[in-house]
Amino acid sequence: MRAIELTEDRWDPAAYPLHETLFAQANGYLGIRGSFEEGFSGSSIKSIRGTYINGFYENEKILYGESAYGFAKTNQIMLHIPDATRLRLAVDGEPVFIDNGRLWSYKRHLSLTGGILVRTVDWESSQGKRVLFCFERLASLQDPHLLAMRLTMRPFNFSGTIEVVSLIDGDVQNIRNEEDPRVGSQSEGFSLDPVSLEALAKEGLAKMILKTRHSELTLGCSIHHLLAPEPCESPLASCEARQAAIRYAIRVHQGQEAVLTKIACYTTSLETPVAEIDLFLRQKGAHAIQEGFEAYATAQTEILSRYWRVAETTVEDQPEIERALAVNQFHLYQSVGKDGRRNVASKGLTGEGYGGHTFWDTEIYMIPFFIFREPNIARKLLEYRYGLLPFARERARTMGHHQGALYPWRTIAGEECSAYYPAGTAQYHINADIAYAIRQYWQVTQDDDFLVKKGAEILFETARLWSDLGHFNPERDGQFTLEGVTGPDEYTAVIDNNYYTNRMAQEHLHFAAETAKWLQQRYPVEYERLGRSLGLSEAEPAEWEEKSGRMYFPPRDRRGITPQDDSFLSLRRWDFKGTPPDHYPLLLHYHPLVIYRHQVCKQADVVLAHLLAGESVSLEQKKRDFDYYEPLTTHDSSLSPCIYGMMAAEVGYPDKAEAYFTHTLFLDLHNLHHNSVDGAHLAAMAGSWMTLVYGFAGLRTPEGTLSFNPILPASWNGYAFRLYYRGSLLEVRAQHASVTYTLMEGGAIGFRHKERSVQLTRQRPKLSL
């Protein structure tokens, strides 16, 4: 893949908070926002610094004016942890800040192929002393516990002393915001208390160990240094209440470089026993500083080159679209948990929006991306859900269900963290969303090992939940109904027979029953073991199949519209013409009950059901529903435009598909929802790829069969992407004249191009149609 960079060619204070998000770096475990190491001289420039560890959290009690049984009791917040990137710089005693002194030139670029952030600053002091500073850093993909940094300093017109104070800054707190439920924590003050601080000047080591106040988790952080040339005087060490630092005084000579290498090491009690944290930090940091920055930079490039070999997506003669796709795919890869114990938050590791929680975004948006690009990562995300199964069982009991498991709507470690149940716990479709991801993963990868050992147990326990929630309703001719639920559209809450929920539950129950039959036939010993473990009766799978077959759906009205639920079409339409533009999103300007009384959708609901489970729905019906629900949808959720883009491509609106694709693609780069400063929208980033592949290329997997129905936007000359399917790597290249399929690696692959069956082999690896 050719080198692609996210670049900033001039210093713009107004853009800085957004660029802290866009220039963020991570490795799935550890993440840092794109903040300057040295900070600023005052508080006039808005900055949201942040360093995070995926899955490391603090508990905070949820306070209700009026509580009730079963309400979530505790929120989990991804913590802003001590910042080990901080540097204080001074040139012959004068502090160095970009907003203090004269700036001759400035450039920052994040290499998407190398994973390194580089910032060069040509700065002049008030005394006319000019220095070129070059800051480099990476979040190591080779060793996720490490940040590697390098500072190069070259004086242009003087010889003198540059002072560098390298520190761990533990004087950090999470953002607090009581007005916008999408942003920040409700807690005040510090969440981490120091257990020990240590700074050893001779060793160039500073270290800090802290403990959370409520979740009882421990965090360790250390920094290690190597300086060339040697400092002109002995380094000094200092420890304050929440800071540990090493000070270097460097004698620099005109035109000659001085280089400081800094390695930061992090670990927590989630993966390292508390008694071993100190030794872990010392040994890993000492090894890393000897390896040096270049070694980790080389490894970073090698790892990313393997990723981009599959992930590279091209759009002919559209460099801005290509770059934006690359930015989005880069953030997805670096933010996602890769060890089976950590998921991916809705904002990844780029910011604190939504508290660092995991939602259904993972299963409906991000896992489909990784299934076809990095199947092993997709499996690890599903393994995370398997690890939460005990919490899901407990939550089901709390919610009055005598059997089964109910996954939390939002969580980090497994407990339900949604304080507003109508748009949280009531979204029972989370169970079906997870089942959908398991089914798609298995159909695309044929990973029997996962389905047998973990996937089936999730499927069965969550299918049991539907059995307990619903009933054969005599008022609905004995059909199986699901009452008191909320679908994806959070502007319509706690209703009966939400179309999306019922459709996805139907698919879930059917797949669970089919999986039980498959296990009995293919893996009878494992099925017997699982049946004993779960107390699964012989009749249950047949009951799931019956409930799936008799699932109730509200009948279409006289216009042929699929109702979103039992009552949606009877509500009055929202007054869109009378709604001021600055009153979106509606949730920040209208009481929920006002919204609930109207036909208005926050995001795709029926339209999403047609995308994910619409094989039996006619194209005419999909188009009719698209036409009806599109003007009712505000897209106040960033999850929505890409869904409408994919369906627009399917139902014959290529121009609308392109418009939705463009909106989704540039949502963060252009801050279209005005909240990207709080973190990137990871699901929308995945959605941009999905709109190209599921939308324009028409990718579907009916019953596990790979299928394409490509179209090409009129303004494009062509596009190409690669994906894995059952161990084989396929390249799809669409142009106006033809579509070319190429088997890049692996065994024979079969799929459908529109209505035609295609078979590629090693002997016949390429076909143009």
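**Helices, loops and rings**

A: Let us begin with helix H8, residues 429–445, whose 17 residues reach 24 Å from the first C-alpha to the last, close to the 24 Å expected at 1.5 Å a residue. Please keep in mind throughout that this is a predicted model.

Q: Okay, and is H8 mostly covered or mostly open?
A: H8 is mostly covered, with 16 of its 17 residues buried.

Q: What follows H8?
A: Gln 446 follows H8, and its phi is positive, near 60°. As background, most residues other than glycine have a negative phi.

Q: Where does H18 bend?
A: The bend in H18 is at Met 690 and amounts to about 35°.

Q: And why is H18 called largely enclosed?
A: Because 15 of the 15 residues of H18 are buried, the helix is largely enclosed by the rest of the structure. Just after H18 comes Gly 698, which takes a positive phi of about 65°.

Q: New topic: which peptide bonds are cis?
A: The bond from Ala 228 to Pro 229 is cis, with omega near 0°, and the bond from Tyr 584 to Pro 585 is also cis, again with omega near 0°. In general, most peptide bonds are trans.

Q: Where do those prolines lie?
A: Pro 229 lies in the loop between strand S16 (218–228) and strand S17 (236–239), whereas Pro 585 is in the loop between strand S23 (572–573) and helix H13 (592–596).

Q: How many aromatic pairs are there?
A: A search of the whole structure finds 41 aromatic pairs. One of them joins Trp 360 and Tyr 365 edge-to-face, at 6.1 Å centre to centre and with 90° between the planes. Trp 360 and Tyr 365 are both buried.

Q: What about Trp 716 and Tyr 719?
A: Their ring centres are 6.1 Å apart and their planes stand at 80°, so this pair is edge-to-face. Trp 716 counts as buried at 1% relative accessibility, and Tyr 719, with a relative accessible area of 1%, is buried too.

Q: Can we look at a strand now, and where is Thr 51?
A: Thr 51 is in strand S4, residues 51–53, and with a relative accessible area of 1% this threonine is buried.

Q: What does Thr 51 touch?
A: Leaving aside residues up to four places away in sequence, Thr 51 touches Leu 30, Gly 31, Ile 32, Leu 79, His 80, Ile 81, Pro 82, Asp 83 and Tyr 266.

Q: Last topic, the whole chain: how many helices and strands does it have?
A: The protein chain has 18 helices and 31 strands. Its C-alpha trace spans about 90 × 60 × 60 Å along the principal axes.

Q: How does the radius of gyration fit with a compact globule?
A: For 769 residues a compact globule would have a radius of gyration near 27 Å, and the protein chain has 27 Å, so the two agree.

Q: And what share of the residues is buried?
A: Buried residues make up 63% of the 769 in the protein chain. The protein chain exposes about 28600 Å², of which carbon and sulfur atoms supply 49%. Among contacts between residues at least 6 apart in sequence, 67% join residues at least 24 apart.

Note on methods. Residues numbered from 1 in each chain as written. Predicted model: local features only at pLDDT ≥ 70, side-chain atom pairs only at ≥ 80, totals over all residues. Heavy atoms only, no water. Bend = angle between axes of the 7 residues up to and from the residue. Helix = DSSP H or I, 4+ residues; strand = E, 2+ residues; numbered from the N terminus. Buried < 20%, exposed > 50% of the residue type's maximum accessible area, 1.4 Å probe, protein only. Rg over C-alpha atoms; globule rule 2.2 N^0.38 Å. Contact = heavy atoms within 4.5 Å. Areas by Shrake-Rupley, 256 points an atom, 1.4 Å probe, with all protein chains shown as cover. Phe/Tyr/Trp six-rings, centres within 6.5 Å; stacked < 30°, edge-to-face > 60°. Expected span 1.5 Å × (residues − 1).
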